[in-house]
Amino acid sequence: MKGDKKYIFLFLFPAAVLMSIFIYYPFLKSIYLSFFRTKGFFEKKFVGFENYKRMFSDDLLGAATLNTLEIMLYVVIFQVGFALVLAVMVDSIKWGKAFYRTVFFFPIVISGAAISLMFVLIYNYQFGLLNSALSNFGMDKVLWLSETSALKAIAVPTVWHYVGFYFILFLTAMSKIPSDFYEAAKIEGISGFKKTVYLTIPLIMSDIKVVIILAITGTLKVFDFIWILARGQNGTEVLGTYMYKKAMIDLNFGYGSTIAVYIVVFGVLLSVLTNRLLKKEEVTY
Amino acid sequence: MQQVNRVTRTKKMARLERRFGASDIFVYICLSLWALTTIYPLFWVVNNSFKVSRDVMNNSFRFASNPVMTNYEKAFDRINMGHSYMNSLIMSISTVLLVLIFGGLAAYVIARFRFRGRNVIYSLLVATLLIPTFATIVPVYELLIKWKLVNTYLGLILPHTSGNLAFAILVIAGFMATIPKDLEEAAFIDGCDRYKMFTKIFLPVSRPVFASASIFVFLWSYNDLFSSLIFVNKENVRPIVALLNEISSQYGTDFGLMASAVSLTVIPVMVVYLFIQRFIEKGLTEGAIKG
């Protein structure tokens, strides 16, 4: 159309400016800063790869990475797993679908901070929901946020929070499967569990892959739960909280940026790896 | 023939139903158990928010049959929850509006214009989704300090708007790409220019995707603790999530107050969600982002 150039420019301009200033420039600047030793905002000295060398010998960062990977494992197995099982179940029932869809989405609406506070109340040693229940049954109280169990205890709300989101994505994918497939399966006498394993799951494999990648990259951003429930103590430090401590509490912007770059690279690598591992011929219908 | 087919099919279904009655029950039990985990903790918190802290401690399961409002009074008087509410709403609603306007315009160009560099822009937007806040926070903080925007509303609105644009543009563009071309041609013949076409056709037709995008942008903005802690953590501009963090560290033993704070944060969003939830799925179904 005539005069399109003007509109292309005009319409893209505001978004381009905002994203350049607040995403692309800061991202490049973070990479740049990762080569400097800094003290506050004003002192910085180019040190080449020294921050990266420090990174590889930083035991705390190693621990944070392992903790993040542990949560990631729970997230991929339980969050994606529960979401898939629940979606298969809701897809198979006749009444009450809308109810379960609405209710399962509840946790996503709640902020991580509010859920964390809720779990502060649930895990509290003396009066929390869990320990009250235990003592009602005459059992001993458990220290839920102790050094040995804190990470697992925090993984529970982390997993629970987003099950509903992936559940909806799976359910949407299943609703797009043409009914001929199921008709054919019925004629062949395939139903129930077999139908799910041999028909439904292969047909939504590409969606499962997307969800796993979303779950993995999402885990790298985990911050709220850890911060409010344990401040990264008791062996719960993850990459997000460690970066926050280094950059914003110690005000070590150089090393903090190095960790941020590490998080991005880690995320990209994991996404590519997952993509490779789950590579399969995609079904189109 | 078809009729017969259908009849035999329903008969078969009926038989299947009888046979799988037990497994149906099992499915409903599992689903209801999960539903219990999403409903009960919420009920537990709201219920406890109407008790004095001592009762929360001693008997958290009992129904608050004679509710007390002390926790709520404390939440508004002592920790100024009302003000944080306002801060949250001002910042999150501004973010949503800016994302919809700027994102909508950009999405329109990407979905409906043919020009060089379009694919590059598209790939760039997808790549942007992989950049977490951690990787931009330090330089953004530096910028905000330089521009004296730390602890102002704009100090959160601008980074939040920018951070949500890539997602919004991709989702809205995905929807706009499916709008039939005839509509555009008819408008062109009627003498609409590109701007009028956007406001008169694409904006109204794309309402569902704008609705669902705005829900997600709102939730992400309203619930984002990390940026709020850094950019707007002073009392006069502090949003509700940052206040919750404050409460957990300062009033960690006042269980009644904590319960009322959680209830106050969650309930309004929940009510809004129940009203607009049908858009969420619509937007997800029609403008789904796929990797």
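**The contact between the chains**

Guide: The contact takes 72 residues from chain A and 74 residues from chain B, two residues being in contact if their C-beta atoms, placed from the backbone, lie within 7 Å. On the side of chain A that touches chain B, helix H1 (residues 4-33) of chain A gives the most, with 17 residues; helices (H or I, at least four residues) and strands (E, at least two) are DSSP runs, numbered from the N terminus. By class, that side of chain A has 54 nonpolar, 14 polar and 4 charged residues. Here Ala, Val, Leu, Ile, Met, Phe, Trp, Tyr, Cys and Pro count as nonpolar, Asp, Glu, Lys and Arg as charged, and the others, Gly among them, as polar.

This is a predicted model, in which local features need pLDDT of at least 70 and side-chain atom pairs count only at pLDDT 80 or more, while totals for chains, interfaces and linings use all residues. Residues are numbered from 1 along each chain as its sequence is written, and chains are lettered from A and ligands numbered from 1 in the order in which they are written.

As for the setting, chain A has 14 helices and 2 strands, and its C-alpha trace spans about 80 × 75 × 35 Å along its principal axes. Chain B has 14 helices and 0 strands. Among contacts in chain A between residues at least 6 apart in sequence, 70% join residues at least 24 apart; in chain B, residues 24 or more positions apart account for 78% of the contacts with a separation of 6 or more.
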